[in-house]
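This report walks through one structure from its sheet to its helices and then to a few single residues. Please look at the sequence and the model before reading on.

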Amino acid sequence: MAPSAHSLPALRTKPRAIFFTDFDGTITLQDSNDWMTDNLGFGVELRRQGNKDVLHNGRPFRDSFQEMLDSVTKPFDKCIELLLQNVQLDPAFKEFAVWCRENNVPIVVLSGGMQPVIRALLVHLLGEEEASVMQIVSNDVKARPGKSINEENGWDIEYHDDSSFGHDKSLEIRPYAALSDRPVMFYAGDGVSDLSAAKETDLLFAKAGRDLITYCETENVPFTVFHDFSDIHKIVRDVVEGKTTVQQAATGAN
Ligand SMILES: [Mg+2]
């Protein structure tokens with residue numbers, strides 16, 4: 001059966017465009033999982049070694065990510081409290097989010113992070129009103145057997161799906177991409193886990209200086225670079241207003 005607006009929440013308001021986006025390191029300046037690992041878990045050196053094992057030695061991302069989070073034993077509520085004090089928002093994201101809401105461009109957050117962390121940070125950084133309209137598709141948190149999440153060594157990540165990423169972001173986008181008459185689809189990201197999602201959309205924004213750019217160049221995925229959300233805001237607005245096309249906007253690394 002063909003997907004309908006009923007099964008695809010971002011179509012409910014019949015938008016002309018949908019903005020899919022990564023969360024950590026894209027909407028925020030710091031990656032919340034990296035921050036916890038570096039400051040509360042086994043530290044930056046073991047985390048970097050884990051990244052290398054994934055990139056060069058074929059280790060599944062999910063295994064390395066699990067090991068990172070297993071090293072963080074602080075109660076979950078304490079972790080959230082510390083993240084709220086230390087993770088900052090892209091300086092231009094809030095203005096973009098307000099524009100999106102006023103112009104009927106749904107924002108769908110696709111993340112390998114944990115839902116309560118993302119929700120708490122968005123409410124803290126954007127306010128309840130902007131945060132409440134965003135759909136978040138992500139991993140979650142669960143209690144370890146016989147424990148509650150807010151005690152020492154009490155929580156564990158609960159994965160969204162069985163993929164080697166823990167959350168295959170293309171799964172959410174593909175039903176929209178398959179529609180014959182559909183909105184323009186954007187995606188913004190910064191890392192390796194964003195590539196599968198990026199291939200499904202009309203225009204990819206890749207963060208300057210990050211891994212995703214290298215991957216797009218080797219895989220021939222059309223993209224444009226952004227430094228902060230003011231770059232994204234201009235292009236999305238121009239496309240939605242018909243002043244430019246996604247093809248014209250895909251300028252690569254130039
Ligand atoms: Mg990221």
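Which residue in β4 is the bridge partner of Ala143? The partner is Trp155. The model is a predicted one, in which local features need pLDDT of at least 70 and side-chain atom pairs count only at pLDDT 80 or more, while totals for chains, interfaces and linings use all residues. Residues are numbered from 1 along each chain as its sequence is written.

**The sheet**

Helices and strands are DSSP runs numbered from the N terminus, a helix being H or I with at least four residues and a strand being E with at least two. Two strands pair if DSSP finds at least two bridges between them. Strands of a sheet pair through backbone hydrogen bonds, either parallel or antiparallel.

Seven strands form an open sheet of mixed pairing, in the order β4-β3-β2-β1-β5-β6-β7. The edges are held by β4 (155-158) and β7 (223-226); each has a single partner strand, so one side of each is left without a neighbour in the sheet. On average, neighbouring strands are turned by 25° against each other, direction ignored. Angles in general run from 0 to 180 degrees between N-to-C directions, and axes are lines fitted to C-alpha atoms, for helices over the stretch in contact.

| Strands | Sense | Bridges |
|---|---|---|
| β1 (residues 17-21) and β2 (residues 107-114) | parallel | 3 bridges |
| β2 and β3 (residues 135-143) | parallel | 4 bridges |
| β3 and β4 | antiparallel | 4 bridges |
| β5 and β6 | parallel | 4 bridges |
| β6 and β7 | parallel | 4 bridges |

Phe19 stands opposite Ile107 in β2, and Met114 has Asn139 in β3 as its bridge partner. Further along the sheet, Tyr187 is opposite Leu204 in β6, while Ala206 has Val225 in β7 as its bridge partner.

Helix α11 packs on the sheet, where it touches β1, β5 (184-189), β6 (203-207) and β7; its direction makes about 155° with that of β1. Residues count as being in contact if their C-beta atoms, placed from the backbone, lie within 7 Å.

**Burial and the core**

A residue is buried if 20 or more other C-beta atoms lie within 10 Å of its own, exposed if 12 or fewer, and partly exposed in between, with C-beta atoms placed from the backbone. In β6, 5 of the 5 residues are buried, so the strand is largely enclosed by the rest of the structure. Both of its faces are covered: Leu203, Phe205 and Lys207 lie on one side, Leu204 and Ala206 on the other.

A nonpolar core is a set of buried Ala, Val, Leu, Ile, Met, Phe, Trp, Tyr and Cys residues joined through C-beta atoms within 7 Å. The largest such core has 53 residues, of which Phe19, Phe20, Phe186 and Val236 touch the most other members. The helix α11 (residues 229-240) gives the most to this core, with 6 residues. Apart from neighbours within four places in sequence, the contacts of Phe20 include Val108, Leu110, Ile173 and Phe186.

**Two helix pairs**

Helices α2 (residues 44-57) and α3 (residues 61-70) pack at about 170°, with their axes 9 Å apart. That angle makes α2 roughly antiparallel to α3; angles over 145 degrees count as roughly antiparallel, under 35 as roughly parallel, 65 to 115 as roughly perpendicular and the rest as oblique. On the α2 side the contact is made by Arg47, Gly50, Asp53 and Val54, and on the α3 side by Phe61, Ser64, Glu67 and Met68.

For α1 (residues 32-40) and α4 (residues 76-86), the angle is about 110° and the axes are 11 Å apart. Here α1 is roughly perpendicular to α4. Ser32, Trp35, Met36 and Leu40 of α1 meet Cys79, Leu83 and Asn86 of α4.

**Two single residues**

Leu212 has its place in helix α10 (residues 211-219). Leu212 is buried, with 26 other C-beta atoms within 10 Å. Ser170, in helix α8 (residues 170-177), counts as partly exposed with 18 C-beta neighbours inside 10 Å. Leaving aside neighbours within four places in sequence, Ser170 is in contact with Ser196, Ala197 and Glu200.

Methods:
Contact = placed C-beta atoms within 7 Å.
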